[in-house]
Amino acid sequence: MDTRVFLEGINQKSGKAWKELYRYYYAPLCSYAERILGDAGAAEDCVQECMIGMWHKKEVTFEDMKSLTAWLYRSVYHRTISILREWKVRDHYRQTQEIASEDEPVGITMALREEIISQFYEVLHRLPMQQHNILKYSLKGLTVQEIALQLCISENSVKTQKKRAYQFIREQFDESLLQLLLLMAFPEKQITSDIL
Amino acid sequence: MKWEDIDKEAKRIVFQLFGKITGENMESSGEGFRQEIRDELLAEKQLLHEADRRHKYDYRKGYSRIERELWRRRILRVSVAACGVVLIGMVAWLFAGQRMGDEQALVVETTVLPGSNHALLQLSSGEKVILGNAESFKFSETGSEIRVDSGMVVYAATESSAKNKASGYNTLSVPRGAEYRLTLADGTLVHLNAGSELKYPVSFSGVARKVFLKGEAWFEVAKDVVHPFYVMTEDVQIRVYGTSFNVNTHGLHVTETVLAEGSIGISGTGTGQELRMRTGQLAVYDRVDGTMSLRDVEVREYTAWKEGIFYFDDDTLEEILEELARWYDVEIFFHSSDKKGIQFSGHLKRYEDIRKILNTITESTGIEFEINDRIVTVK
């Protein structure tokens, strides 16, 4: 779904956009809350509370993906912290939850890690089937030779497909981001159009 | 770093991760903590473990709450659009209700009644009609005549339908706390359970008879060897030539199909390969790993709902309450999640007050429930 159409749908509470919102964010937010709370059931209740809360808030609208992502992770974070406090009071506080997550920067870094995983799989699933398989095998730690054997193709075509996959992924990320990346990679060099 | 930076930072690191995996870009610049996350995710197949970890969270279960909210809004809109007579009638009813004493109001508050016959019918024109229990009326669509009578919609193909190839689709949506029956233009009988939706052509044309299901329904398909009947759900596709079976996509992680009579072919949307089911078998499609398995079961356990019975056989409290919530349109709240796995078996009447049902569960498991407004709390 096109980002603009998606955000509009979120703001106007369209079922289609909200289903997409759940598809993309529900599991990572639950996993995030579980890391802080140490309980999968409580994590799910907590995420649901935040998302339903967002549904009922008329004044919350989003202009871009970064504010939507930020809003969701931030509200789940604050909710988990208050749940932890409630548990502490009720003496249900479990020993394993001796985490430093009451420290907001730690919470942000944990959220970043979840979002990386989401985005990674989102891009991976958009790859053509064979390239997708090759990258999955690489992730599992198989060598080029082993992948070639698994898929009954030559080692050379494994290499070519990897190259193509990288090309495809590059195109997925917008140009502005690429410039930023290149600036980081070659801080000294002048960026010329032929590098891009 | 700020919360707003997450999106952009993630993109940057994902790009680098792919660079490393494809071996195309080994650059690994960046501040300490970013490099740390990146390396940690690549080491020890962490990315794969994380994907597995997320599998236990089914977004569809979460999204069903939003579906319910959408339902409320849809009903509200249709109600507003409905004619003023109804509105005047309701106002009068409300005033009459107010005159009743507090005593009566208390009774209303503490009884949570079971589902009844009502549904929302969307015609091919996009127009929506609320179907209740009592009324009976007739209207016609292109190529078919529609009759509504005591909790059932009946389609009858008209003469012209054979010539009229391009017939539109209607959608029958049954909210939580309701059920509805339907006879399609080919004579196939469908019984929709609470919180379910069926999309179907007004009259069938072409080779295949195709309908689209969300939720749970019992089908008695009219025999027609020349025109196979297909039930399409988000996860599975079922091919039938004339038989009776039950399909349920409400499961937390699975879609279940039970065959009561005849033979059907079933395939998962991901797998493509069709499995042949025999009478008395259950096909379980696992959404998490995309696999399909067959086993022999007691068919009645899966179809008892249409005869007005809840049939639980070592089902977990979470599953049972999920089903009760759909039928009584209540919210379930667990004080602690370790109660969710407790099992219960029994036959209970679907048309009784929820209190009776919960009392029976309390008697055999010792678990206490608290009902407040439309919220059931598990203590």
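Leaving aside neighbours within four places in sequence, Glu216(B) is in contact with His191(B), Leu192(B), Asn193(B), Ser196(B), Asn246(B), Val247(B), Asn248(B), His250(B), Tyr302(B) and Trp305(B). Contact here means heavy atoms within 4.5 Å. This is a predicted model: local features need pLDDT of at least 70, side-chain atom pairs count only at pLDDT 80 or more, and totals for chains, interfaces and linings use all residues. Residues are numbered from 1 along each chain as its sequence is written, chains are lettered from A and ligands numbered from 1 in the order in which they are written, and side-chain values use heavy atoms, with hydrogens and water left out.

Stay with Glu216(B). It lies in strand β12 (residues 216–220) of chain B. Strands (E, at least two residues) and helices (H or I, at least four) are DSSP runs, numbered from the N terminus. Glu216(B) is buried yet has no salt bridge. Buried means under 20% relative accessible area, exposed over 50%, and partly exposed in between (1.4 Å probe, protein chains only). A salt bridge needs a side-chain nitrogen of Lys or Arg within 4 Å of a carboxyl oxygen of Asp or Glu. The nearest side chain of opposite charge, Arg326(B), is 5.5 Å away. Lys and Arg count as positive, Asp and Glu as negative; His and the chain ends are not counted. Glu216(B) does have a polar contact of 3.1 Å with Trp305(B), side chain to side chain. A polar contact is a pair of N or O atoms within 3.5 Å; within protein, one must be able to donate a hydrogen and the other to accept it, and residues adjacent in sequence count only if both atoms are side-chain atoms.

Now turn to where the chains meet. Chain B gives 52 residues to the contact and chain A gives 65. About 5,900 Å² is buried between them, with 69% from carbon and sulfur atoms. Buried area is the accessible area (1.4 Å probe) that two parts lose on being put together, summed over both. Nine salt bridges link chain B and chain A. Lys56(B) forms a salt bridge with Glu34(A), with the closest N and O atoms 3.2 Å apart.

Last, the cysteines. The whole structure has zero disulfides. A disulfide is a pair of cysteine sulfur atoms within 2.5 Å. For Cys30(A), the closest cysteine sulfur is in Cys46(A), 8.4 Å away, too far for a bond. Cys30(A) is buried, at 0% relative accessibility. Cys152(A) is exposed, at 69%.
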